[in-house]
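Student: I have a structure open and would like to learn how to read it. Could you walk me through a few features?

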Amino acid sequence: MCIESHAFSPADFVGGEPALDFANTIAGWNGNPRDWLDGYDSLAGWARQAGVIPDELSAALRRQAEIEPKAAGMALRQARSLREDIHEYFCAIARETTPDSRVIESLFSRWRKAADSHAPNIKEGRLVLEPKRKALLLGVITDRLAYQAFELARTVDTDRLRICDGANCGWLFIDRSKAGRRRWCDMATCGNAAKSRRHYERKAGE
C-alpha cells in the first residue's frame, strides 16, 4: 500500500459515522489502496474535520507531535492498526459473515482502554465523555475512535451498512436513503464512474 498526501474535503466524509469515515481514509480498498494518513499532522487534521476532536485540541496535538516525533509515530501506527480492525469488522458485518474473533477482542480491548481514559460530564444538558488529563496525549484520537467504533458495532443497523460497489473504492457507509438502495459512497464519484463504464461497454459492444 502506498502512502500519499491528501487534502481532506467534505466529499471524503460519506460514511455517516466517524468510525466508518476513518476506515475510509484508505482510498481504493478493493483495488489500488492508498493511505491518506501520511503523518500525525494529517491524522489530527482529519480528526478535526470529522468532529472527533475540537479545533483547539487538534492544534495542541500537532504542536505536541512536533516536540515528540517518536511518540507521534507510535500513535499514528496505533491509529492505523485500529483502522484495519474497523474496516475488517464492518466489512464482515456488511457481507453478513462473522468477524474474526481477534478483531472482536481487539475492538473490545481498545474500547475498554478508551473508556478508562475518559470521564462523564454534563454539557448543555447532555451526558458526554471527556478525556481525563492523562488522556490528553497523542493517542487521544485513537481512543475516541475506538470508543465510537465499538459503540457503532453495538448499535449499527446492519441492514443499512454498505460497502461501495465502485471500482477501486470499497468505502464503508450507512445507507440512510429513504428507499435503502444506495450502492455508491457518492453518486458524483463512484456512481458516475460506474455509469460511464457501462455506457462505454455498451458502445463497445455495438
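Tutor: Gladly! Let's start with strands: two strands count as paired if DSSP finds at least two bridges between them. Keep in mind that this is a predicted model.

Student: How many bridges join β1 to β3, and in which sense do the two strands run?

Tutor: Two bridges link β1 with β3 (residues 34–35), and the strands run parallel. One of the residues to look for is isoleucine 3, whose bridge partner in β3 is aspartate 35.

Student: What is the order of the strands in that sheet?

Tutor: The order is β1-β3-β2, an open sheet of three strands with mixed pairing.

Student: Let's move to helices. How should I describe a packed pair?

Tutor: Two packed helices are described by the angle between their axes and the distance between the axes. Here, α2 (residues 40–50) packs with α3 (residues 55–67) at an angle of about 175°, and their axes are 9 Å apart. That makes the two helices, α2 and α3, roughly antiparallel.

Student: Which residues of α2 and α3 meet?

Tutor: From α2 come Tyr40, Asp41, Ala44, Gly45 and Arg48; they meet Asp55, Ser58, Leu61, Arg62 and Ala65 of α3. By type, the contact of α2 with α3 has four nonpolar, two polar and four charged residues.

Student: What does alanine 50 contact, beyond its neighbours within four places in sequence?

Tutor: Alanine 50, which lies in helix α2, is in contact with Phe13 and Pro18. Proline 18 is 32 residues from alanine 50 in sequence, yet their C-alpha atoms are 6.2 Å apart in space.

Student: Last topic: how do I find empty space?

Tutor: Rolling a probe the size of a water molecule over the atoms shows where empty space is left. In this model, the largest pocket holds about 610 Å³ of space. It is lined by 18 residues, and Leu127, Val128, Leu129, Glu130 and Arg144 are the closest to its centre.

Student: Which element gives the most to the lining of the largest pocket?

Tutor: That is β5, with six residues. β4 (118–123), β5 (126–131) and α6 (140–155) each supply at least two residues of this lining. Sorted by type, the lining has nine nonpolar, three polar and six charged residues.

Key. Residues are numbered from 1 along each chain as its sequence is written. This is a predicted model: local features need pLDDT of at least 70, side-chain atom pairs count only at pLDDT 80 or more; totals for chains, interfaces and linings use all residues. Side-chain values use heavy atoms; hydrogens and water are left out. On a 1 Å grid over the protein atoms alone, a cavity is a set of points where a 1.4 Å probe fits but cannot get out, and a pocket is an open set with protein on both sides within 12 Å along at least five of seven lines; lining residues have an atom within 4 Å of a point. Grid points are joined across faces, edges and corners, and a volume is the space filled by probe spheres set on the points. Helices (H or I, at least four residues) and strands (E, at least two) are DSSP runs, numbered from the N terminus. Ala, Val, Leu, Ile, Met, Phe, Trp, Tyr, Cys and Pro count as nonpolar, Asp, Glu, Lys and Arg as charged, and the others, Gly among them, as polar. Axes are lines fitted to C-alpha atoms, for helices over the stretch in contact, and angles run from 0 to 180 degrees between N-to-C directions. Angles under 35 degrees count as roughly parallel, over 145 as roughly antiparallel, 65 to 115 as roughly perpendicular and the rest as oblique. Contact means heavy atoms within 4.5 Å.
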